[in-house]
Amino acid sequence: MSQHRHPGAPGRAGAVPALPDLPEATVARLPEYLRALHNLADAGHETVSSEGLANAAGVNSAKLRKDLSHLGSYGTRGVGYDVGLLIDQIEFVLGLTQRRAVALVGVGNLGHALAGYDGFASRGFRIAALFDADPSRVGEEINGLVVRHVEELPRVAAEESISIGVIATPAQAAQRVADQLVAVGVTSILNFAPCVLSVPEGVDVRKVDLAIELQILSFHEHRKASLTALPATGGSALTALPGGLAATDTQEAIGT
């Protein structure tokens with residue numbers, strides 16, 4: 001996390017006076033802007049144009065300017081955005097001015113990799129506790145933390161003020177773990193298990209399914225291969241679909 005003062009700090013112009021009500025799409029892009037800004041700051045840049053920041057974040061500049069206007073940040077004509085101030089503003093809106101404690105449940109292959117990742121600390125998060133139900137995993141040390149049995153979750157969550165839970169268990173165990181996290185007061189969950197969780201109102205869940213992401217990439221590969229194979233005559237080529245249907249070259253067949 002940046003060591004810049006948050007926008008409420010005295011002596012900084014353009015401070016965000018209150019937490020703005022942002023569109024979900026804007027919230028989803030703010031971390032990309034923050035990553036790009038940190039890279040710019042690390043490279044010694046004090047200002048950046050909207051075009052430069054948009055290119056670094058992988059969005060178009062009009063969308064970036066609209067997103068940042070929600071923060072009250074409009075840049076300066078001929079100068080651009082103050083990198084340090086914009087980092088302050090985005091970190092404030094994302095709630096990164098405090099290092100949030102995270103509990104990771106499930107230290108199999110994926111969980112082990114997540115537990116050993118050092119990048120969380122620099123982005124405002126602290127992996128405070130590791131849990132697993134497998135006795136052979138309990139007691140293992142990963143990145144300075146000892147894996148605890150999941151039955152210790154209530155006590156440790158209170159001691160460490162856990163606010164976010166990460167589930168990296170097999171699918172069949174994920175709902176039970178989610179229930180345990182909710183029971184100890186966790187209201188934000190990042191779910192890596194390939195399943196849909198049922199949680200009470202007021203609990204936010206973000207789902208990361210690597211297989212789904214690969215399937216989406218498979219669609220794009222399928223489509224590119226299909227377009228490459230089209231006849232040179234420019235005719236409306238038909239592609240056979242399962243079940244006897246057919247699709248034109250613009251309606252790609254996807255097996256379900």
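The model is a predicted one, in which local features need pLDDT of at least 70 and side-chain atom pairs count only at pLDDT 80 or more, while totals for chains, interfaces and linings use all residues. Residues are numbered from 1 along each chain as its sequence is written, and side-chain values use heavy atoms, with hydrogens and water left out.

Of its 256 residues, 35% are buried, where buried means under 20% relative accessible area, exposed over 50% and partly exposed in between, with a 1.4 Å probe and protein chains only. Among contacts between residues at least 6 apart in sequence, 56% join residues at least 24 apart, a contact being heavy atoms within 4.5 Å.

Strand pairing, which requires that DSSP finds at least two bridges between two strands, links β7 (164-167) to β3 (100-105) in the parallel sense over four bridges, and V105 has I167 in β7 as its bridge partner. β7 is also joined to β8 (188-191) by four bridges, again with the strands running parallel, and here G165 has I189 in β8 as its partner. Within β7, I164 and V166 point one way and G165 and I167 the other way, and all of these are buried. Elsewhere, β4 (125-132) pairs with β6 (residues 145-149) in the parallel sense over three bridges, L130 standing opposite V147 in β6. β6 is in turn joined by two bridges to β5 (residues 141-142), with the two strands antiparallel and E141 opposite V146. The hairpin of β5 and β6 has two residues between the strands, and N143 takes a positive phi near 55° there.

The largest nonpolar core comprises 22 residues, of which F131, I162, I167, L181, I189 and L197 touch the most other members; such a core is a set of buried Ala, Val, Leu, Ile, Met, Phe, Trp, Tyr and Cys residues joined through side-chain atoms within 4.5 Å. At least two residues of this core come from each of β3, β4, α7 (153-160) and α8 (171-183), and α8 gives the most, with four residues. A second, separate core has 21 residues, including Y33, L34, L40 and A57. I162, when its neighbours within four places in sequence are set aside, is in contact with A101, V102, A103, A128, V156, A157 and V186. S50 lies in helix α2 (residues 50-57) and counts as buried because its relative accessibility is 9%; leaving aside neighbours within four places, S50 is in contact with S61, L64, R65 and Y81.

The largest pocket has a volume of about 1,800 Å³, a volume being the space filled by probe spheres set on the points, which are joined across faces, edges and corners. This pocket is lined by 38 residues, of which P31, F125, I164, L190 and R206 lie nearest its centre. Helix α1 (24-42) gives the most to the lining, with eight residues, and β3, α6 (119-122), β4, β7, β8 and β9 (204-207) each supply at least two.

The unreviewed UniProt entry carries a "binding site" annotation that covers G106, V107, G108, N109, L110 and G111; UniProt positions are given in the numbering used here, feature names are shortened, and annotations may be inferred rather than shown by experiment. From this set, G106 and G108 belong to the lining of the second largest pocket. V107 is placed in the loop between β3 and α5 (109-115) and counts as buried because its relative accessibility is 0%. Not counting residues up to four places away in sequence, V107 touches H112, L130, F131, D132, R137, I142 and V147. G111 lies in helix α5 and is likewise buried, with a relative accessible area of 0%; apart from neighbours within four places in sequence, G111 is in contact with L104, G106 and A168.

Methods: On a 1 Å grid over the protein atoms alone, a cavity is a set of points where a 1.4 Å probe fits but cannot get out, and a pocket is an open set with protein on both sides within 12 Å along at least five of seven lines; lining residues have an atom within 4 Å of a point.
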